[in-house]
Amino acid sequence: MYRIPFAKPFIVGNELRYMAQAVTLGNIAADGHFTRECSEFLERLSGSHRVLMTPSCTAALEMAALLCGLEEGDEVILPSYTFVSTANCFVQSGARPVFVDVRPDTLNLDESRIEEAVTPRTRAIFVVHYAGVSCEMDPIMEIAKRHGLRVVEDAAQGVNATYRGRPLGGIGDMGTYSFHETKNFTCGEGGALCINDPELVARAEIIRDKGTNRQAFNRGEIGKYTWVDHGSSYVPSELSCAFLLAQLEQMELITQRRREIYERYLDGLAPLAAAGAFSLPKTPPACEINYHMFQILLADTPTRSALIDYLKQHGILAVFHYVPLHLAPMGRRYGWKEGDLPVTEEMAGGLLRLPFYFELSADDQDEVIDAVREFFETRS
């Protein structure tokens with residue numbers, strides 16, 4: 001237990017009252033009042049044709065992969081610097097991951113390297129908006145259009161962020177959101193699938209509800225429901241959506257607080273960055289971020305490990321992020337090896353995330369900044 005943890009759950013509004021209300025309404029299982037309210041809120045936010053709530057972003061990604069119709073031997077382009085679910089969702093169907101290196105400024109897919117990775121077997125591009133900073137979606141969508149590829153946005157970290165004024169998750173054929181406890185808006189575990197191609201909605205409803213046409217039955221469109229397609233239990237608990245809706249309703253307040261935290265780190269650490277101790281996060285002009293995290297890029301892994309240890313000694317938990325998927329045991333089984341993605345490997349070795357949560361006080365944040373400063377002073 002750290003005095004200043006990396007992340008921390010919080011209550012900001014009507015979370016507990018809405019959960020009690022769900023019980024009173026007599027539906028705590030699925031697809032009740034609060035699930036519909038969350039879906040409609042996110043449809044307004046993303047501009048998507050339809051948003052389906054799911055138990056996690058992983059579930060939403062698995063649904064997206066099924067909707068892409070991927071088969072054995074198909075290829076999917078994605079970054080290696082991402083959570084395992086971005087790849088696992090389609091590997092299950094026999095499709096192969098084709099990793100493309102990232103940009104050093106945003107750690108997002110390098111759009112200039114995507115087209116050279118396209119082959120006759122390529123079926124989709126799964127982009128990841130790292131830290132809530134958008135990929136360069138215009139050229140990516142143009143590449144996908146030229147080659148007839150589906151685009152899925154893994155916007156797990158990108159809720160309420162935009163690219164050229166367009167909400168993340170609402171640009172590709174589909175987008176996925178996460179409401180995990182480390183995200184800006186949370187219900188512990190939760191997710192959503194944004195469907196921007198209207199032709200995918202009907203099958204998405206079936207996949208989400210265990211491969212049955214129960215949603216059509218619930219609307220009175222058919223006399224009974226039955227098994228009609230692939231699917232699984234991708235429906236979240238009504239209690240989770242009740243908690244989440246209260247947080248979504250406070251989106252502006254939460255975002256403002258996170259912006260204050262982000263900018264305090266930016267100002268407090270700027271002198272060290274100017275002196276060359278590390279690099280600060282960058283936001284391209286086309287992107288409006290949601291202040292999801294604050295990360296610094298250190299020179300190498302030994303420096304990062306030493307800083308993590310130093311902060312732990314002072315009761316502060318700071319953490320690194322992904323192990324690149326192409327260097328994981330599963331990635332190596334597909335033939336990937338060290339040196340294949342040099343930018344990804346360099347960035348992954350030096351990235352460190354600092355404590356960041358809604359209730360992080362200014363005093364605690366200053367303590368983190370001071371500890372980072374003291375670490376580098378002891379090494380000079």
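Which residue in β3 does Ile77 stand opposite? The views below come from a predicted model, in which local features need pLDDT of at least 70 and side-chain atom pairs count only at pLDDT 80 or more, while totals for chains, interfaces and linings use all residues. Residues are numbered from 1 along each chain as its sequence is written, and side-chain values use heavy atoms, with hydrogens and water left out.

**View 1. Strands β2 and β3 are joined by 5 bridges.** Strand β2 (residues 75-79) runs parallel to β3, and Ile77 stands opposite Val98 in β3. Strands (E, at least two residues) and helices (H or I, at least four) are DSSP runs, numbered from the N terminus, and two strands pair if DSSP finds at least two bridges between them.

**View 2. An open sheet is formed by 7 strands.** Their order is β1-β9-β8-β5-β4-β2-β3, with mixed pairing, and the edge strands, β1 (50-54) and β3 (96-100), each pair on one side only.

**View 3. The largest pocket holds about 520 Å³ of space.** A pocket is an open set of points on a 1 Å grid over the protein atoms alone, where a 1.4 Å probe fits, with protein on both sides within 12 Å along at least five of seven lines; lining residues have an atom within 4 Å of a point. The volume is the space filled by probe spheres set on the points, which are joined across faces, edges and corners. Of the 27 lining residues, the closest to the centre are Phe83, Ser178, His180, Thr182 and Lys183, and α3 gives the most to this lining, with 3 residues.
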